[in-house]
Amino acid sequence: MGLLIRNIKGLIQVEEEPKKKICGSEMSNIRTIPDAYLYIEEDTISDFGEMKNFPGKSGMKNNDRIDIIDVSGRFVFPSFCDSHTHLVYAGSREREFTDKIRGLSYEEIARRGGGILNSAKKLHETSEDDLFTQSMIRINEIINLGTGAVEIKSGYGLTVDDELKMLRVIKRIKDNSPIEVKATFLGAHAIPEEYKNDREKYIDIIINEMIPLVSSEELADYIDVFCDRGFFTVNETERILMAGIKYGLPAKIHANELDFSGGVQTGVKYNALSVDHLERSGEEEIKALVGTDTIPTLLPGSAFFLGLPDPPARRMIEAGLSVALASDYNPGSSPSGNMKLVMSMACIKLKMLPEEALNAVTVNSACAMGLSETHGSIARGRVANIFITKEIPSFEFMPYAFGSDLVDTVILKGKIIYPPTPLKGGYKSVY
Ligand code: NIG
Ligand code: FE
């Protein structure tokens with residue numbers, strides 16, 4: 001059984017020899033095949049090339065039945081990889097949205113029991129089944145927007161039971177959705193109200209109760225800490241990361257969102273897979289990242305929503321770093337998981353070229369979630385996670401048309417997931 005996509009206007013982000021990540025000036029290149037075909041066998045990308053070299057049915061493997069999609073005028077992209085989200089949450093926080101408009105800062109809202117603690121209260125009152133149902137709506141939303149792999153964090157539980165509840169919901173999403181999921185334990189997202197005067201007690205619970213349980217139930221791939229002013233100090237972050245690493249959880253940390261917190265340097269010290277946010281970063285932070293395996297991950301959705309300074313993406317690229325981009329989909333600082341919009345914001349606000357933004361939401365974000373072997377580009381042997389656009393004039397039109405939904409058809413693991421009736425437009429047939 002195969003799926004042939006033919007007459008592709010442009011096959012985007014093709015790799016003959018896949019790279020683990022794309023660094024510095026190389027980020028401004030992407031390889032595109034104009035007038036192309038793409039052949040998928042079961043759940044895997046099998047072959048691609050120019051239409052003029054198309055070998056015909058006999059040249060395709062597994063050719064007993066081949067479905068054909070003719071996509072004249074449309075582009076094919078590898079699915080977006082969203083390496084930083086908090087999309088398992090209960091309810092929403094639009095009250096704080098208006099509080100912010102009235103002038104309160106993110107930290108002031110947090111101090112009044114809003115923010116993360118507000119979401120923790122709502123999550124506590126929500127059953128595991130209801131939390132799963134609410135989260136699956138967001139999962140289906142991001143799938144339809146072109147995302148094929150997503151990292152999801154805990155961190156709105158903040159008690160042993162509620163952190164495990166969140167992580168079990170993430171596991172259920174993994175088991176029940178075609179999207180690729182990585183789970184991150186973020187017990188150190190905020191200090192709960194009852195430990196405000198005894199932070200050590202909560203850190204002790206994270207290290208000695210939560211981490212061992214999360215590890216024994218195999219509920220997480222990574223550990224995260226919100227290492228920033230008003231949340232966790234460098235010293236606390238180090239102790240929590242060390243405990244996680246001891247249990248086989250590599251680090252991915254929240255760093256330098258609210259202050260020059262030392263989070264970037266701490267992430268590098270503990271060989272974090274990524275350090276994320278980085279709105280407060282300068283030459284020291286960039287220097288700390290050069291020559292390391294840690295991926296700087298920028299979240300322009302939350303900088304936009306909270307009105308934070310923009311991270312120095314251009315300086316990072318000039319310094320040779322492999323910048324990744326993610327949505328940070330969460331109820332408090334980025335209530336959107338739209339990765340096409342993230343590309344637009346990266347271009348408009350961070351002055352990244354469309355090619356740089358694309359590398360950052362595919363190859364580099366796949367690397368930032370430990371999927372560099374299987375996801376992030378159109379390469380033989382990779383998981384067949386792609387989307388077909390509507391008719392558009394060029395590749396750059398994607399980030400340029402920042403408010404338009406241009407994803408037409410979504411294919412995950414070789415299967416058409418969206419639209420539910422793939423014959424929309426009548427362009428599918430069988431060999
Ligand atoms: O990545 N910065 C910390 N955590 C989230 C926000 C969480 C919230 O406000 O609910 C973030 O922006
Ligand atoms: Fe976050």
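Colleague: Where is P419 found?

Modeller: P419 sits in the loop between strand 16 (415-418) and strand 17 (428-430), and please keep in mind throughout that this is a predicted model.

Colleague: And the peptide bond from Y418 to P419, cis or trans?

Modeller: The bond from Y418 to P419 is cis, with omega near 0 degrees. I point it out because most peptide bonds are trans.

Colleague: What about phi of D35, positive or negative?

Modeller: Phi of D35 is positive, near 45 degrees, and this is a residue other than glycine. As for its place in the fold, D35 belongs to strand 2 (residues 32-41).

Colleague: Switching to the ligand, which residues come nearest to ligand 1?

Modeller: There are 15 residues around ligand 1, and of these Y106, Y156, H189, E257 and S333 come nearest.

Colleague: How far is the side chain of R93 from an oxygen atom of ligand 1?

Modeller: An N or O atom in the R93 side chain is 2.8 Å from an oxygen atom of ligand 1. For H254, the separation between a side-chain N or O atom and an oxygen atom of the ligand is 3.0 Å, and for H86 a polar side-chain atom lies 3.3 Å from an oxygen atom of ligand 1.

Colleague: OK, on to the helices. At what angle do helix 4 and helix 5 pack?

Modeller: Helix 4 (residues 128-144) and helix 5 (residues 160-176) pack at about 50 degrees, with their axes 10 Å apart, which means that helix 4 is oblique to helix 5. Helix 4 passes helix 5 in a right-handed crossing.

Colleague: Which residues of helix 4 and helix 5 make the contact?

Modeller: From helix 4 there are E128, D129, L131, F132, S135, M136 and I139, and from helix 5 there are K165, M166, R168, V169, R172, I173 and N176. Sorted by class, that contact of helix 4 with helix 5 has 7 nonpolar, 2 polar and 5 charged residues.

Colleague: How about helix 12 and helix 13, what is their angle?

Modeller: Helix 12 (residues 339-348) and helix 13 (residues 354-361) pack at an angle of about 135 degrees, and their axes are 9 Å apart. Helix 12 is therefore oblique to helix 13, and the crossing of these two helices is right-handed.

Colleague: And which residues of helix 12 and helix 13 are in the contact?

Modeller: Helix 12 contributes M339, M343, A346 and C347, while helix 13 contributes P354, A357, L358 and V361. By class, the contact of helix 12 with helix 13 has 8 nonpolar residues, with no polar and no charged ones.

Colleague: Last pair, then: at roughly what angle do the axes of helix 6 and helix 7 cross?

Modeller: The axes of helix 6 (residues 199-216) and helix 7 (residues 234-246) cross at roughly 10 degrees and come within 9 Å, so helix 6 is roughly parallel to helix 7. Helix 6 passes helix 7 in a right-handed crossing.

Colleague: Who makes the contact there?

Modeller: On the helix 6 side it is R199, E200, I203, I206, I207 and I211, and on the helix 7 side it is E236, R239, I240, A243 and G244. By class, the contact of helix 6 with helix 7 has 6 nonpolar, 1 polar and 4 charged residues.

Methods: Residues numbered from 1 in each chain as written. Chains lettered and ligands numbered in written order. Predicted model: local features only at pLDDT ≥ 70, side-chain atom pairs only at ≥ 80, totals over all residues. Heavy atoms only, no water. Axes fitted to C-alpha atoms, helices over the stretch in contact; angles between N-to-C directions. Helix = DSSP H or I, 4+ residues; strand = E, 2+ residues; numbered from the N terminus. Parallel < 35°, antiparallel > 145°, perpendicular 65-115°, else oblique. Left-handed = near helix turned anticlockwise from the far one by under 90°. Contact = heavy atoms within 4.5 Å. Nonpolar A, V, L, I, M, F, W, Y, C, P; charged D, E, K, R; others polar. Near = heavy atom within 4 Å. Polar contact = N/O pair within 3.5 Å; in protein donor to acceptor, adjacent residues only side chain to side chain.
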